[in-house]
Amino acid sequence: MSIDSIFVHKMWNDYELSKMVKGGVPFPMLSDAGGKVGTLYGVYDEDAGVETRGRFIIDPDGVIQGYEILTPPVGRNVLETIRQIQAFQHVRKTKGAEATPSGWKPGKATLKPGPDLVGKVWEVWKTKEAFE
Amino acid sequence: MPEELKVGCARPTGGLVGEEPKKEESQEQIIKEKEGRQVVKVGKKASDFIAPAYYKGKFVNVKLSEYLGKWVLLCFYPGDFTFV
């Protein structure tokens with residue numbers, strides 16, 4: 001979503017993005033002329049008249065699980081976003097019985113919060129796992 | 001002579017001449033809506049909206065609440081044809 005019109009979205013997709021991604025952008029390119037939606041989500045920069053790099057993960061109940069907002073010159077890390085979605089999906093699947101520690105990826109150990117785990121995280125999770 | 005624009009990632013925009021320089025807003029202030037209600041909060045419902053969109057060769061209207069039941073990644077960016 002950006003403040004550009006859908007016509008400009010079409011041009012950008014057809015003339016540039018489709019040369020980077022086969023078949024073009026596979027998801028809707030939304031137009032927010034005037035920045036009304038961006039204002040609601042706290043990403044519209046009134047002074048510059050543009051939206052900053054906001055990214056919101058919304059779950060199947062319509063609840064915001066996470067967000068990240070960057071200023072324009074720095075791009076996002078798509079793999080980190082995907083990792084977060086996978087983690088939120090895992091937590092949801094376990095109905096909150098499991099939590100994903102720092103650096104968690106699918107296949108790595110989760111934590112099962114409860115009275116027995118208090119003060120024992122150091123036994124089941126090592127700091128280096130945050131960096132793996 | 002017109003000043004040459006320094007092109008960055010944000011689309012250059014105009015403004016009134018002789019306007020008072022605006023005070024920098026903190027991110028916290030931006031996140032709060034005009035009425036002072038904080039709208040973006042993790043664990044809270046995402047505000048619903050309808051927006052026109054270009055999607056697979058067609059112009060469509062997208063309503064966020066139509067995606068209930070699915071995971072949604074909503075991404076904002078400064079503008080088409082920007083570089084990053």
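1. How many helices and strands are there in chain A? This is a predicted model, and in it chain A has four helices and five strands. Their order along the sequence is α-β-α-β-β-β-β-α-α.

2. The overall dimensions of chain A come next. The C-alpha trace spans about 55 × 35 × 30 Å along its principal axes. Chain A has a radius of gyration of 19 Å, whereas a compact globule of 132 residues would have one near 14 Å. Of the 132 residues in this chain, 27% count as buried. Taking contacts in chain A between residues at least 6 apart in sequence, 31% join residues at least 24 apart.

3. The largest nonpolar core contains 19 residues. A:M1, A:Y41, A:F56, A:I58 and A:I64 are those with the most contacts inside this core. At least two core residues come from each of these strands: β1 (29-30) and β4 (53-58) of chain A, and β1 (50-55) of chain B. β4(A) gives the most, with three residues. In soluble globular proteins, nonpolar side chains tend to be buried together.

4. A:F56 is worth looking up in the structure. Apart from neighbours within four places in sequence, A:F56 is in contact with A:Y41, A:I64 and A:Y67 in chain A, and with B:A46 and B:L74 in chain B.

5. In chain B, strands β1(B) and β2(B), the latter covering residues 58-63, run antiparallel and are joined by six bridges. One of the pairings is that of B:I50 with B:K63 in β2(B). The two strands form a hairpin with two residues between them. B:K56, in the turn, has a positive phi of about 50 degrees.

Key
Residues are numbered from 1 along each chain as its sequence is written. Chains are lettered from A and ligands numbered from 1 in the order in which they are written. This is a predicted model: local features need pLDDT of at least 70, side-chain atom pairs count only at pLDDT 80 or more; totals for chains, interfaces and linings use all residues. A nonpolar core is a set of buried Ala, Val, Leu, Ile, Met, Phe, Trp, Tyr and Cys residues joined through C-beta atoms within 7 Å. A residue is buried if 20 or more other C-beta atoms lie within 10 Å of its own, exposed if 12 or fewer, and partly exposed in between; C-beta atoms are placed from the backbone. Two residues are in contact if their C-beta atoms, placed from the backbone, lie within 7 Å. Two strands pair if DSSP finds at least two bridges between them. The radius of gyration is taken over C-alpha atoms; the globule rule is 2.2 Å times the number of residues to the power 0.38.
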